[in-house]
Amino acid sequence: MAAPIIAFDKVVAGYTPSLTILNETTLDARAGEITLLIGPNGAGKSTVLKTLFGLLTPRSGEVRFESQRINGMDPRDLLGRGIAFVPQGRNLFGSLSVRHNLELGGITLPRGELTARIDEVLARFPRIRERIDNQASTLSGGEQKQLEVGRALLLRPRVILIDEPSIGLSPKLVQDVMALLRALADGGTTVLMVEQNVRTALKYSNRALVLEMGRLALDRPAGELLDEPDLNRLFLGGHARPAAG
Amino acid sequence: MTVRSTWPWLVGMLVVACTSFFLKRSDIYLLSLCSVYLMATYGLNLTVGYAGQMSLGQAAFLGIGAYIGAILMTKAGWPFWCVLPVAAIVCFVVGLVIGFPALRVQHHYLAFATLGFNVLVFLALRNEEWLTGGTFGIANIPRPTLFGYPLDTEFRFFWLTFASLGVLMTLLWLLLRSPWGRAFAALRDNPIRAESLGVNITAYTLFAFAIGAAAAGIGGVYYASLVQFVEPGPFHFSTSLMMLLAVIVGGAGRFFGPLLGTVVIILLPELLRASTVPALQFMQKWYLVAFGVAVVLLMVWLPGGLLSLGDRWRRGRVGQ
Ligand SMILES: Nc1ncnc2c1ncn2[C@@H]1O[C@H](COP(=O)(O)OP(=O)(O)OP(=O)(O)O)[C@@H](O)[C@H]1O
Ligand SMILES: [Mg+2]
C-alpha cells in the first residue's frame, strides 16, 4: 500500500471564527491514487480542498504534504511544491484567450520553460489546441473543464485537487475527464477529487472517503463501495440520484 | 488588441500632432496639455481599466509630480531630465502605499479611500506654504533643453511632450502584452481564481497603483514645465474624477480608451470654447449639458465605453 502523501490531522477550520466547518477532520490520500471525497452538500468537502491549498488557514490541527506541515502556507508556495487546485465551478478568465489562460497557469514558471510546457499540455488536448486563440468564454463546458485541467497540469503537479469536475458535463464528457484523471494517477500523480457523480467516480477511483459534517465517516476501497447496494441511502443524503443500474 | 488594429490610432495621433505646424500658439499649448493629461489617464487606465482597481486619486499623483518638478527646477535648479526620474520614483512609492487599502477593500470603498488621499494631498499643497507657496503657487518654472537645444517655444515643447507620451504609451503597451498584462487582467476578472493559479495578487495590486501613479507623476513634471506655474487648483479631486470619466467614457481596459476619452472630455470643450465661429460658440454653451446627458446615456447603453461600440457592432452582425 502506498504511503500517504497528504494528511489532515485533527484539522479545525472555518470561514468565520464562530462557525466551525472542519471539526477535527482526520484523513489522508495516498500517492499515485485517486482518492474520492464524497458526502452530502455542505459537509465541508470543498473546504477540505481549500484548506489544503492554503486558501483557508486551520485554527488547529495539522495539514501535511509529504510529511511536512503546510498549514496556512501560500497557494503560490504550494504550487511550487507540486500541488495544483481546480476549484468547483468555472475557473477560466473568460475575457482572455485560451493561450493567455494557459500562460496564466504557468505564471510561476520560468519564462523560457512556459512555451514548451504549453505545447506539452496541448498535445494531450487536441480540442483545446484547435481553439488556442479563441476567447475562453466561447469554449463549451467540456472544453472549459479540459482547459482547466490542462492549465493545472502545466506545472507538472504531483498532487491535483479537483472539485466536482463533472458539473455541467454530459455523461460522455464525464467519462473522458475521469479517464484523464485515471491516466494521470497511473502516471504517478496523486488525485484528490470531490465528486457528486458518485457511481461513475467510484469506478475510476482507488479509495473513497465519506465526509459528514466536517468529519470522516467512512474510509473504504472504491471497489467495495461500488458493490454496496445501499450506496445512496447510506450516506449521500437527499442529494444522490437513484441508482440507474 | 492586435498590432494591426493600432494602426489607425497611431496615424490619427500623428495627423493631429502634425496640425501643430499650422496651429496658433494657444492651440498648440492645448495639444500639449492634452498630452500631459494623457500620460496620467494612460496610467489610470492601467490601474482602473486593466487591473480593475478603482481610483479617484490620480490628480494627486499628477500634482505630486508637478510640485516635485516645480520645486526642484526652481528652488534647487535641477535640470528637467534629472527631475523626471525623481518624480516617477516618488510617485511609484506613494502609489505602492496607496495600493494597500486596495488589498482590503474594493469598488466604492476603494474610491473613497483614494479620494481621501487626493483631498489630503490637495490640502498639503495649499497649506504647506513654506514648500509649495500655498495658493500663490510656484512660478517661473523653466522649459527644458535637449542636448543644449532649448525647447522653449510652444511648438518645440509640444513635440517633446508628444514624443514622451509616445514612449510612455509604448512602454505600457509592452507591459500589457507581457505576462504582467495577463496577471492584471486576471486580478481584475477574479482575484481568487488568480490566486489559485499562483498570481501574486498582493504584488500586482500594489504595482497596478504604483505604475499608474508613476505615469501621472511623469505627466506632472511635463505639466509644471508646460504651464511654468503650479498652484493647487488643477490637482483638486474633481480633476481625478474627470480623468476617471475620460477612461470610462473612452473604454476602460482598452488601449486607446483614454485617448478617445481625453479628446471628448478635455479637447473638445476647449476647442469649442476657444472657437470664434458663432455656431461653435453656441455649441459650447450647450456642450456641458449635452455632455452630461451623453455620459448618462453612454453608461446605461454602453457601459464598456465608446470603444466597445465596435465589439457590439461586430457581435450584432454575426447575430448573437
Ligand atoms: N466562503 C464561505 N464563507 C462562509 N461560509 C462558507 C463559505 N464556503 C462555504 N461555506 C460554508 O461551509 C460549509 C461547508 O461548505 P463546503 O463548500 O465545504 O461544502 P461541500 O461539502 O463542498 O458542499 P457541496 O457539495 O454543496 O459543494 C457550508 O455550510 C457552507 O455554507
Ligand atoms: Mg463543494
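Modeller: The side chain of Gln196(A) has an N or O atom 2.8 Å from an oxygen atom of ligand 1, a polar contact (a pair of N or O atoms within 3.5 Å). This is a predicted model, in which local features need pLDDT of at least 70, side-chain atom pairs count only at pLDDT 80 or more, and totals for chains, interfaces and linings use all residues. Residues are numbered from 1 along each chain as its sequence is written, chains are lettered from A and ligands numbered from 1 in the order written, and side-chain values use heavy atoms, without hydrogens and water.

Colleague: How much of ligand 1 does the protein bury?

Modeller: Ligand 1 taken alone exposes 630 Å², of which the protein buries 62%; the areas come from the Shrake-Rupley method with a 1.4 Å probe.

Colleague: And which backbone atom lies 2.9 Å from an oxygen atom of ligand 1?

Modeller: That is a backbone N or O atom of Gly42(A). The side chain of Ser46(A) also has an N or O atom, 2.7 Å from an oxygen atom of ligand 1.

Colleague: Changing topic, what coordinates the magnesium ion?

Modeller: Ser46(A) through OG and Gln88(A) through OE1 coordinate the magnesium ion (ligand 2), at 1.9 to 2.4 Å. Donors are N, O and S atoms within 2.8 Å of the metal (3.2 Å for Na, K and Ca), and sites may look incomplete because water is not among the atoms.

Colleague: Is Ser46(A) buried or exposed?

Modeller: Ser46(A) is buried, at 18% relative accessible area, whereas Gln88(A) is partly exposed, at 38%. Buried means under 20%, exposed over 50%, and partly exposed in between (1.4 Å probe, protein chains only).

Note on methods
Polar contact = N/O pair within 3.5 Å; in protein donor to acceptor, adjacent residues only side chain to side chain.
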